[in-house]
Amino acid sequence: MTDANRTTDIAVIGAGIIGVSCALAMARQGLRVAVLDRQPPGMGASYGNAGHLATEQVFPIADLSILKRLPAMLMDPMGPLRLDWKYLPQALPWFTRLLLNLRTAPFQRTVAGIRALNENSLGAWQRLLQSIERPHLLKHDGSLLVFERAESRQAIDALQTRLRQQQVPVDVWQADAIRQAAPQLSEHLQGGLFFPATGHFIDPYRVVNELVAAAKACGVEFHQQAVTDGQVNSAGVTLSSDQGTFQARQVLIACGAHSAHLTARLTGKRVPLDTERGYHLMLPREQQRLPFAVTSLERKFIMTPMQDGLRLAGTVEFAGLHAPPSMGRARQLQRLSRGLFTRELDAEGATEWMGFRPSLPDSLPVIDKVCDGKVLLAFGHQHLGLTQAAITAQMVAQLVQPGSLQGLPAVTPYRLGRF
Ligand SMILES: Cc1cc2nc3c(=O)[nH]c(=O)nc-3n(C[C@H](O)[C@H](O)[C@H](O)COP(=O)(O)OP(=O)(O)OC[C@H]3O[C@@H](n4cnc5c(N)ncnc54)[C@H](O)[C@@H]3O)c2cc1C
């Protein structure tokens with residue numbers, strides 16, 4: 001153990017978008033912060049997500065309508081949802097909890113919990129990026145959900161009504177509005193919903209690394225080590241890693257989909273955290289196709305214009321943390337795009353990627369402080385970790401130094417004790 005380690009106030013485990021945003025926020029409070037990650041920063045789910053500031057997504061990861069479509073979806077190996085049947089026994093308790101959370105009261109609690117974060121997300125991100133002088137990393141240009149089949153109009157109308165009930169800003173676009181704003185999209189698109197209070201990041205990996213640079217400038221140390229265990233003691237927390245031990249007064253667990261083990265070791269609490277694996281296909285030759293992120297209602301994937309090309313992303317796969325990726329699902333995204341544009345996408349030089357969304361069965365993250373304040377938790381942001389990172393960081397900073405920030409969402413819905 002070095003002298004520097006001995007005086008660390010907070011050890012953050014996990015250098016994804018959540019851990020890095022929190023580290024910067026806490027360093028700005030004057031705390032001595034060290035970040036430990038087994039990989040270089042930003043190489044987890046935060047590397048390859050769709051970059052969508054998805055403030056419009058206020059509903060849980062599943063709803064009752066999915067149940068009806070589930071058997072057909074699961075039978076299609078290249079469909080938007082895949083279950084590795086070998087993984088079913090392990091996933092069953094999680095699915096059971098997911099189903100129980102579809103009942104009216106928990107469903108409404110989830111929507112309120114997601115809304116409280118999402119409604120504060122755009123402002124939190126704008127302030128954060130402004131503070132590191134990188135506002136251009138986020139394009140606040142809205143995003144569009146399109147539909148192709150006439151029979152989908154009913155579903156779009158119903159969704160629009162439900163979103164308005166939740167105060168989500170939404171405009172209805174007819175086909176001609178789409179053609180005007182995004183002329184490269186196919187003429188057969190029937191219409192869609194435009195979400196003005198959303199946007200996209202031009203490169204999510206770069207966002208992490210710009211925050212890392214800002215954090216380093218505030219004195220945050222980054223150490224590449226895999227934390228294997230931890231213990232709360234009178235001096236704070238002792239962590240064991242592949243590099244030895246690490247002592248800090250407090251620890252923040254921000255390991256994304258990998259957070260359950262250390263949470264159990266440090267708090268004694270088992271969280272029902274699982275992963276919804278997702279894929280992307282990056283098309284470097286497609287720089288100028290879209291002005292904003294576009295999602296297809298029927299094909300269930302998103303296309304986001306980024307600095308280095310067009311990113312096609314989506315699909316949910318339940319296969320746990322250890323099964324190898326099925327990259328055919330990433331390539332499938334290009335096939336899914338066929339017919340959505342006036343001219344087909346150019347896939348030359350395309351790269352594939354798989355990442356682990358950290359998902360809890362009530363679709364809410366854990367943001368909390370436990371063990372007499374020695375253990376902080378920020379994980380489980382499912383499909384919305386990028387969206388909610390900046391506001392999560394403010395909430396964690398507030399937990400560390402109560403009263404330091406005003407007007408934040410209350411942490412009650414996100415407490416560990418709900419499990
Ligand atoms: C295909 C796909 C598309 C997505 N699109 C969007 C989107 O458009 N908008 C949005 O808001 N969200 C999106 N998400 C979700 C978002 O990417 C995640 O919610 C978010 O990245 C989670 O961030 P994190 O920091 O919690 O986890 P991660 O980025 O996974 O970081 C966790 C870190 O912890 C480290 N770690 C784990 N265990 C240990 C250990 N024992 N010791 C040391 N280090 C450890 C890992 O190496 C990793 O770097 C998408 C996800 C996927 C997969």
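**Entry 1: a charged patch.** I started with the surface of this predicted model. Lys68, Arg69, Arg149 and Lys300 come together there as a patch of positive charge. I picked one of them, Lys300, and looked up its place: the loop between strand S16 (293-296) and strand S17 (301-306).

**Entry 2: salt bridges.** How many salt bridges does a search of the whole structure find? I got 16.

I looked up Arg249 and Asp9, which form a salt bridge with their closest N and O atoms 2.1 Å apart. This pair links distant parts of the chain, 240 residues apart. Arg249 sits in the loop between strand S13 (244-248) and strand S14 (250-253), and Asp9 in the loop between helix H1 (3-6) and strand S1 (10-13). Arg249 has a relative accessible area of 46%, so I wrote it down as partly exposed. Asp9 has 14% and is buried, because buried means under 20%.

Then I went to Arg285 and Glu348, a salt bridge with 3.8 Å between the closest N and O atoms. Arg285 is in the loop between strand S15 (274-283) and S16, while Glu348 is in the loop between helix H11 (328-337) and strand S19 (351-359), so this pair ties together parts 63 residues apart in sequence.

My next pair was Asp362 and Arg418, whose side chains meet in a salt bridge at 2.5 Å, N to O. Asp362 lies in the loop between S19 and strand S20 (366-370), and Arg418 in the segment after helix H12 (385-400), so parts 56 residues apart in sequence get tied together. I noted Asp362 as buried at 9% relative accessible area, whereas Arg418 is partly exposed at 27%. I also found a network: Arg82, Arg277 and Glu317 are joined by salt bridges that share partners.

Entry 3: Which residue other than glycine has a phi near 60 degrees? I landed on Glu133, where the value is positive. Glu133 is in the loop between helix H6 (104-131) and strand S5 (138-139). With a relative accessibility of 63%, Glu133 counts as exposed.

I found Thr315 in strand S18 (residues 309-318). Its relative accessible area is 8%, so Thr315 goes down as buried.

Methods: Residues are numbered from 1 along each chain as its sequence is written. This is a predicted model: local features need pLDDT of at least 70, side-chain atom pairs count only at pLDDT 80 or more; totals for chains, interfaces and linings use all residues. Side-chain values use heavy atoms; hydrogens and water are left out. Patches are made of residues with over 30% relative accessible area and no salt bridge: like charges are joined within 9 Å, nonpolar side chains (Val, Leu, Ile, Met, Phe, Trp, Tyr) within 5 Å. Accessible areas come from the Shrake-Rupley method with a 1.4 Å probe; for residues, only the protein chains shown count as cover. A salt bridge is a side-chain nitrogen of Lys or Arg within 4 Å of a carboxyl oxygen of Asp or Glu. Lys and Arg count as positive and Asp and Glu as negative; His and the chain ends are not counted. The place of a charge is taken as NZ of Lys, CZ of Arg, CG of Asp or CD of Glu. Helices (H or I, at least four residues) and strands (E, at least two) are DSSP runs, numbered from the N terminus. Buried means under 20% relative accessible area, exposed over 50%, partly exposed in between (1.4 Å probe, protein chains only).
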